[in-house]
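Me: I would like to go through this structure step by step. Could we begin with how its strands are arranged?

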Amino acid sequence: MKIRHADTIDATVAGFTGTAHQPRALAVRLPDGRIALSQRLTTALATRIALRLVPQSGRAHTQDGDAYTPVSREIVVEVVAGTTRHAVVTVVRLR
């Protein structure tokens, strides 16, 4: 039997991929300080989050080398983060 482990936590949005009007995924800062890209956002969630995104100029990268556009405004989202080595992060809702 395969058991997947995940925790629901709050994370701060560090940036996004896609455009500010239609973000595809979020770069989130997890409680351990690591920045990870989330899974693709649902259309409804992307629409709500887009209203709060204030992009900065330039690009930033996660520790894995994934590029994203940083944001200047602090946004908190609830995510389900896997606890295994290759943790998958899924945004559940905007706080």
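**Strands, helix and salt bridges**

Reply: In this predicted model, strand β1 (residues 6-18) and strand β2 run antiparallel and are joined by six bridges.

Me: How many bridges join β2 to β3, then?

Reply: Three bridges join β2 to strand β3 (residues 35-37), and these strands run antiparallel. Their hairpin has five residues between the strands, and Gly33 in this hairpin takes a positive phi near 95°.

Me: Is β2 mostly covered or mostly exposed?

Reply: Strand β2, residues 23-29, is mostly covered, as five of its seven residues are buried.

Me: Which residues of helix α1 are buried?

Reply: In helix α1 (residues 43-50), the buried residues are Leu45, Ala46, Ile49 and Ala50. They lie on the same side of α1, because they cover an arc of only 130° around the axis.

Me: What do they pack against?

Reply: The buried residues of α1 pack against β2, β6 (76-82) and β7 (89-94).

Me: New topic: where is Thr69?

Reply: Thr69 is in strand β5, which spans residues 67-70. Its relative accessible area is 12%, so Thr69 counts as buried, the cut-off being under 20%.

Me: What joins its side chain to that of Arg59?

Reply: The side chains of Thr69 and Arg59 are joined by a polar contact of 2.7 Å. Beyond its neighbours within four places in sequence, Thr69 is in contact with several residues, including Ala14, Gly15, Phe16 and Pro55.

Me: Now the charged pairs. How many salt bridges are there in the whole structure?

Reply: A search of the whole structure finds four salt bridges. One of them is between the side chains of Asp32 and Arg34, at 3.4 Å from N to O.

Me: Are those two buried or exposed?

Reply: Asp32 is exposed, with a relative accessible area of 57%. Arg34 counts as partly exposed, because its relative accessibility is 32%, and partly exposed residues fall between the buried limit of 20% and the exposed limit of 50%.

Me: Which residue does Arg93 form a salt bridge with?

Reply: Arg93 forms a salt bridge with Glu78, and their closest N and O atoms are 2.9 Å apart. Since Arg93 lies in strand β7 and Glu78 in strand β6, this pair ties together parts that are 15 residues apart in sequence. Glu78 is buried at a relative accessible area of 10%, whereas Arg93 is partly exposed at 41%.

Me: What about Arg95?

Reply: Arg95 also forms a salt bridge with Glu78, the closest N and O atoms being 2.8 Å apart. Arg95 lies in the segment after β7, so its pairing with Glu78 in strand β6 ties together parts that are 17 residues apart in sequence. Arg95 is partly exposed, with a relative accessible area of 46%.

Me: Which residues are linked in a network of salt bridges?

Reply: The network of salt bridges links Asp10, Glu78, Arg93 and Arg95.

How values were computed. Residues numbered from 1 in each chain as written. Predicted model: local features only at pLDDT ≥ 70, side-chain atom pairs only at ≥ 80, totals over all residues. Heavy atoms only, no water. Buried < 20%, exposed > 50% of the residue type's maximum accessible area, 1.4 Å probe, protein only. Helix = DSSP H or I, 4+ residues; strand = E, 2+ residues; numbered from the N terminus. Pairing = 2+ DSSP bridges. Polar contact = N/O pair within 3.5 Å; in protein donor to acceptor, adjacent residues only side chain to side chain. Contact = heavy atoms within 4.5 Å. Arc of directions from axis to C-beta.
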